[in-house]
Protein chains: 2
Amino acid sequence: MTEIKATNVVWHEGHVERSGREKLLGQKGCTIWLTGLPSSGKSTVGFSLEHALMQQGRMAYVLDGDNIRHGLNKNLGFSAQDRTENIRRIGEVAKLFADAGVITITSFVSPYRADRDLVRKLHDEAKPAMPFIEVFVDTPVAVCEQRDPKGLYKKARAGEIKNFTGVDDPYEPPVKPELVLKTAEAKLEDCVATLAHFLRQRGILPA
Amino acid sequence: MTEIKATNVVWHEGHVERSGREKLLGQKGCTIWLTGLPSSGKSTVGFSLEHALMQQGRMAYVLDGDNIRHGLNKNLGFSAQDRTENIRRIGEVAKLFADAGVITITSFVSPYRADRDLVRKLHDEAKPAMPFIEVFVDTPVAVCEQRDPKGLYKKARAGEIKNFTGVDDPYEPPVKPELVLKTAEAKLEDCVATLAHFLRQRGILPA
């Protein structure tokens, strides 16, 4: 039981600072908030960015429907109130990951401006503030509907799904997003390169 | 916008596996769940472990009342139902951090066996399963009450706080915890060394 003592650990009962974790990881914690219509390409961009960062030895993690809707938020539905609570919880979890020093990537439609602004506020008010990078995945609804890999637009048009964003529920585009990605025009690798370039510019990744 | 392309990134739209993140970090993701009476020493042990791991270049993060109760769970009170939801959400977030490859340390009284067992189940049922290490911080209530750094036992004895664990609300000790730490008898550094030794034995830290 002396292994740790042998490595000259300084005993300290206080918290490890975020800056300490960031130094260890060689990056800054942040939240990259991807927002856009269903099938706009958020998850494809998010997971591709995660892959690219990992290959450069950077620590990233994607929060998306798969690991959130079946876990933390499985007790939430799709009412206006539940949608707001859904985004609030995701925002709080993203903030925890960012505080841990992780480049946190979230991939949710997050259609309402007020909900996204609340998450930005959470990050702005952290001490010290955490970078919140709102990325509008700006794909025309016609393109999203043509992609429709899960057949959800088809079901929504047929009335089998109600309150589907882009069909019978509104999407409020960001007013001043940090980045706009046009997946119908740009290649995936260029979208990812744009994001990585932004992270270097902001000092989140080393130059 | 060609910086990433120049580093021979292989484009991949699939998820990064947990094992990839673990390889990058040189450790395995896990949840170390500290449970015990108020003032039993959970946070002191948790933050000391985080510090010791950081000094060895390991990636750890503590979830505790400070970053959870004022954030993710600020809309929960102390009713039985809310306490259960509190622990469920913390368990889900810990699981996300463990999935990210982080040595996740949680510091909550978590007095009810059923709630802790639910969190263990979440980790057991992950694919692949994630290590869930239940650590009973076993400090006699008399010692906790003597420490009482925030004066909470005093207030509970005076009836100013109701449903206070250890005074008028039950604490159900773990039946088969992975570890028991006796902070009234062992030094802090020995408690931390015990934890680190266990992490090496389990292959979570390199030997």
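This note describes a predicted model with chains A and B, beginning with the interface and ending with the backbone.

1. Conventions. In this predicted model, local features need pLDDT of at least 70 and side-chain atom pairs count only at pLDDT 80 or more, whereas totals for chains, interfaces and linings use all residues. Residues are numbered from 1 along each chain as its sequence is written, chains are lettered from A and ligands numbered from 1 in the order in which they are written, and side-chain values use heavy atoms, with hydrogens and water left out.

2. Extent of the interface. Chain A has 59 residues in contact with 59 residues of chain B, where contact means heavy atoms within 4.5 Å. The area buried between the two chains is about 5300 Å², and carbon and sulfur atoms give 67% of this; buried area is the accessible area (1.4 Å probe) that two parts lose on being put together, summed over both.

3. Polar links across the interface. Between chain A and chain B there are 12 residue pairs in polar contact, both residues being at pLDDT 80 or more. A polar contact is a pair of N or O atoms within 3.5 Å; within protein, one must be able to donate a hydrogen and the other to accept it, and residues adjacent in sequence count only if both atoms are side-chain atoms. The side of chain A that touches chain B draws at least two residues from each of several elements, including helix H1 (18-25), helix H2 (42-55) and helix H4 (80-99). Its largest share, nine residues, comes from H8(A). Helices (H or I, at least four residues) and strands (E, at least two) are DSSP runs, numbered from the N terminus.

4. Salt bridges between the chains. Four salt bridges cross the interface of chain A and chain B, a salt bridge being a side-chain nitrogen of Lys or Arg within 4 Å of a carboxyl oxygen of Asp or Glu. One pair is A:Glu85 with B:Arg89, whose closest N and O atoms are 3.9 Å apart.

5. Salt bridges within a chain. Over all chains the structure holds 28 salt bridges. In A:Arg18 and A:Asp99 the closest N and O atoms are 3.0 Å apart; A:Arg18 lies in helix H1 and A:Asp99 in helix H4 of chain A, so this pair ties together parts that are 81 residues apart in sequence. Both A:Arg18 and A:Asp99 are buried, that is, under 20% relative accessible area, with exposed meaning over 50% and partly exposed in between (1.4 Å probe, protein chains only).

6. Two partners of one arginine. B:Arg120 forms a salt bridge with B:Glu134, at 2.9 Å between the closest N and O atoms, and B:Glu178 also forms a salt bridge with B:Arg120, at 2.9 Å. B:Glu134 and B:Arg120 are both buried, while B:Glu178 is partly exposed, with a relative accessible area of 26%.

7. Cysteines. The whole structure has zero disulfides, a disulfide being a pair of cysteine sulfur atoms within 2.5 Å. The sulfur of A:Cys144 is 13 Å from the closest cysteine sulfur, in A:Cys191, too far for a bond. A:Cys144 is buried, with a relative accessible area of 0%.

8. Backbone. A cis peptide bond joins A:Lys127 and A:Pro128, with omega about -10°; A:Pro128 lies in the loop between helix H5 (113-124) and strand E4 (132-137) of chain A. A:Asn163, although not a glycine, has a positive phi of about 55°, and A:Asn163 is partly exposed at 42% relative accessible area.
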